[in-house]
Amino acid sequence: MTDTPLVEARGLTKVYPARGSSAEFRAVDGIDFALRRGEAFGFLGPNGAGKSTTMRMISATSPITGGTLRVLGFDPVAQGPQVRARLGVVPQDDCLDRELTVRENLYIYGRYFGLRRAVIRERAESLLDFAQLRDKADEQVEVLSGGMRRRLTIARSLINEPEILLLDEPTTGLDPQARHVLWDRLFRLKQDGVTLILTTHYMDEAEQLCDRLVVMDGGRIVAQGTPRELIAAHTTREVLELRFTDQDTAAEKLRASALCGDGGRLEVLPDRVMVYADDGEAALAAVHALRLSPLTALVRRASLEDVFLTLTGRSLID
Amino acid sequence: MWRGFSFWLLQYRRVWRGTIVISVANPLLFLLGVGVGIGHLVDRQASSPIAGVSYLAFFAPGMLAAASMQTAYLESTNRVAWAAAPDGAYRAATPTPLSPAQILGGHLLFIAFRIATSSAAFTLVMVLFGATHGWSALATLGGAVLTGFAFAAPSAAWAVGLRQTRRINSVFRFVIMPMYLFSGTFFAIAQLPHWLRPVAYLLPLYHGAQLCRTLSLGTATAAATALHAGILLALALAGIAAARVAYRRRLHP
Ligand SMILES: Nc1ncnc2c1ncn2[C@@H]1O[C@H](COP(=O)(O)OP(=O)(O)OP(=O)(O)O)[C@@H](O)[C@H]1O
Ligand SMILES: [Mg+2]
């Protein structure tokens with residue numbers, strides 16, 4: 001039974017119909033993936049990649065227009081309410097009611113699931129602790145910080161004790177400290193056995209939280225695997241980042257050199273040049289040997305950011 | 001549907017005192033100013049086409065229908081458009097087992113409740129002014145609620161798809177306000193030029209005003225009442241059908 005995937009998509013497609021002056025739009029273009037119980041699965045991609053659209057199709061709030069999708073064994077188009085009853089959703093926008101208190105927001109949400117008052121009250125208490133919002137319980141949402149609101153949205157999404165929790169960009173717009181608090185909460189959920197699906201355009205987030213992830217671009221999946229596998233398969237071990245006063249000339253010289261043959265590669269961004277090499281220091285020595293003098297030179301380990309750059313030729317955050 | 005309703009009720013709890021004051025103060029001022037004030041002038045003209053009743057008794061039920069329409073329009077446009085926005089109240093309910101139709105139902109129930117309470121306050125003021133009484137008052141209230149609802153559902157169907165709320169004010173100024181004037185709210189349709197009268201018959205508010213007036217004055221006939229109520233009911237049902245489609249499109253894109 002643990003072998004049947006919780007969510008399974010084959011050739012999953014979403015075409016938004018034409019509306020007014022805008023033509024129809026293919027936001028998700030035939031993607032395949034399978035989600036196993038207990039794992040944390042990530043969708044990584046730049047703005048407009050189709051992450052939120054995919055999340056909405058899984059959460060049965062946007063009908064699929066092609067392919068097949070099964071969620072917890074249900075068809076999300078025909079059996080939407082059954083699917084939604086067993087999922088927790090943290091949307092990209094919090095959509096909390098700012099005039100209601102923290103507790104009231106939890107209460108109303110529980111009512112939407114048809115839970116009894118006593119049940120909601122009991123769960124709300126433990127969720128307030130989980131979200132570390134106990135001393136704000138009777139404050140209006142209006143006065144909460146961004147990080148607190150996000151924690152409340154996560155707490156709210158857990159009121160029905162969901163089997164799968166979907167988080168759409170859980171930490172976008174938060175400061176580093178608030179992000180770490182949130183990661184810690186998500187990590188605890190994962191340890192408690194909740195299956196997580198999340199979208200992000202932060203590499204570090206994907207590396208921290210995801211067991212497996214897919215990289216999306218323009219509605220398609222361009223790669224999938226564990227963070228480690230992706231790095232091993234699509235980039236070198238190390239990266240040398242260089243900045244030049246005259247980048248164009250330098251890039252031309254580098255491209256003509258041996259650095260670009262033999263497994264090495266070059267990626268030119270508007271403000272810097274990246275040299276992909278298994279040995280960054282050796283590559284730097286080679287750069288100096290070409291009589292190039294970069295303003296700054298940095299050798300670092302390759303990350304998912306580099307995977308994305310390699311796969312799409314574009315940077316993830318624009 | 002009740003689950004969606006309970007949200008709006010919880011929200012309303014913080015503002016209900018203010019809205020009650022407005023619901024009573026509005027008709028009070030209107031009936032005093034227009035009904036009694038202008039009525040004083042009108043009632044002295046023996047040739048008036050509304051002869052037989054005081055201007056206040058003539059005007060008040062028409063105004064009740066118009067006020068009900070206005071409450072319905074305001075409740076089911078601005079708040080609907082706000083709730084449907086990316087961080088609005090509907091969005092919180094969308095990922096739950098509630099369907100778009102249930103979200104609509106919950107909100108329409110609340111709008112009906114608002115129409116009913118504000119119309120009840122208006123009718124109460126009418127009774128205090130002696131403009132109507134007894135069972136007539138109750139029947140008039142029913143007519144006013146139906147009038148409001150006939151506007152609420154189509155307005156919600158339109159507003160849920162709105163991206164900019166500017167249009168709400170334009171429609172108010174260029175559609176709702178003129179309807180006040182040509183629907184026999186302030187004066188009898190018979191006073192309009194001949195060629196303009198058929199236009200009035202097409203206006204839903206005309207049927208609402210006639211329905212309320214005849215019920216209030218006790219001059220209603222079964223046939224006319226059925227016609228007016230039937231038109232309003234048809235509008236309400238068409239509005240609900242359109243809103244169900246529009247809500248699904250917007251909330252489950
Ligand atoms: N309701 C809609 N109607 C038409 N097009 C839409 C709709 N929602 C999204 N799109 C389009 O589909 C594409 C994918 O959008 P989506 O929100 O899924 O991207 P995303 O990966 O979540 O991006 P972001 O990182 O900015 O949140 C975008 O080009 C967007 O304009
Ligand atoms: Mg998104």
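## A walk through chains A and B

A:Ile159 sits in the loop between α5 (146-157) and β6 (164-168) of chain A. The model is predicted, so local features need pLDDT of at least 70 and side-chain atom pairs count only at pLDDT 80 or more, while totals for chains, interfaces and linings use all residues. Residues are numbered from 1 along each chain as its sequence is written, chains are lettered from A and ligands numbered from 1 in the order in which they are written, and side-chain values use heavy atoms, with hydrogens and water left out.

Is A:Ile159 buried or exposed? A:Ile159 counts as buried because its relative accessibility is 0%. The cut-offs for relative accessible area are under 20% for buried, over 50% for exposed, and partly exposed in between (1.4 Å probe, protein chains only). Which residues does A:Ile159 touch, leaving out those up to four places away in sequence? They are A:Leu106, A:Tyr109, A:Gly110, A:Phe113, A:Leu115, A:Ile120, A:Arg123, A:Ala124 and A:Leu127. Contact means heavy atoms within 4.5 Å. A:Tyr276 is 117 residues from A:Ile159 along the chain, and their C-alpha atoms are separated by 47 Å.

Turn to helix α3 (residues 102-112) of chain A, which holds A:Glu104. A:Glu104 has 14% relative accessibility and therefore counts as buried. Its side chain reaches the backbone nitrogen of A:Thr101 at 2.9 Å. That pair can be read against the polar contact rule: N or O atoms within 3.5 Å; within protein, one must be able to donate a hydrogen and the other to accept it, and residues adjacent in sequence count only if both atoms are side-chain atoms.

Next, the backbone. Most residues other than glycine have a negative phi. A:Leu72 has a positive phi of about 55° although it is not a glycine. A:Leu72 lies in the loop between β4 (66-71) and α2 (80-85) of chain A. A:Leu72 is buried because its relative accessible area is 13%. A:Glu169 is not a glycine either, and its phi is positive, near 50°. The place of A:Glu169 is the loop between β6 and α6 (176-191) of chain A. With a relative accessible area of 6%, A:Glu169 is also buried.

Now take chain A as a whole. Chain A has 11 helices and 13 strands. Its C-alpha trace spans about 75 × 45 × 45 Å along the principal axes. Of its 318 residues, 54% count as buried. Take the contacts in chain A between residues at least 6 apart in sequence: 70% of them join residues at least 24 apart. UniProt, in an unreviewed entry, lists "domain: ABC transporter" at residues 7-243 of chain A. UniProt positions follow the numbering used here, feature names are shortened, and annotations may be inferred rather than shown by experiment. Over residues 7-243 the chain is 35% helix and 27% strand, with the end C-alpha atoms 44 Å apart.

Chain B has 11 helices and 0 strands. Buried residues make up 51% of its 253 residues. Among contacts in chain B between residues at least 6 apart in sequence, 78% join residues at least 24 apart. An unreviewed UniProt entry places the feature "transmembrane region" at residues 20-42, 48-69, 108-131, 137-162, 174-196 and 226-247 of chain B. Over residues 137-162 the chain is 88% helix and 0% strand, and the end C-alpha atoms are 37 Å apart. Over residues 174-196 the chain is 39% helix and 0% strand, with the end C-alpha atoms 17 Å apart.

Finally, the interface. In chain B, 25 residues are in contact with 27 residues of chain A. The two chains bury about 2,300 Å² between them, 60% of it on carbon and sulfur atoms. Buried area is the accessible area (1.4 Å probe) that two parts lose on being put together, summed over both. Across this interface the rule finds 5 residue pairs in polar contact, both residues at pLDDT 80 or more. On the side of chain B that touches chain A, the elements giving two or more residues are α1 (2-12) and α5 (89-93) of chain B. The largest share, 6 residues, comes from α1(B).

How values were computed. Helix = DSSP H or I, 4+ residues; strand = E, 2+ residues; numbered from the N terminus.
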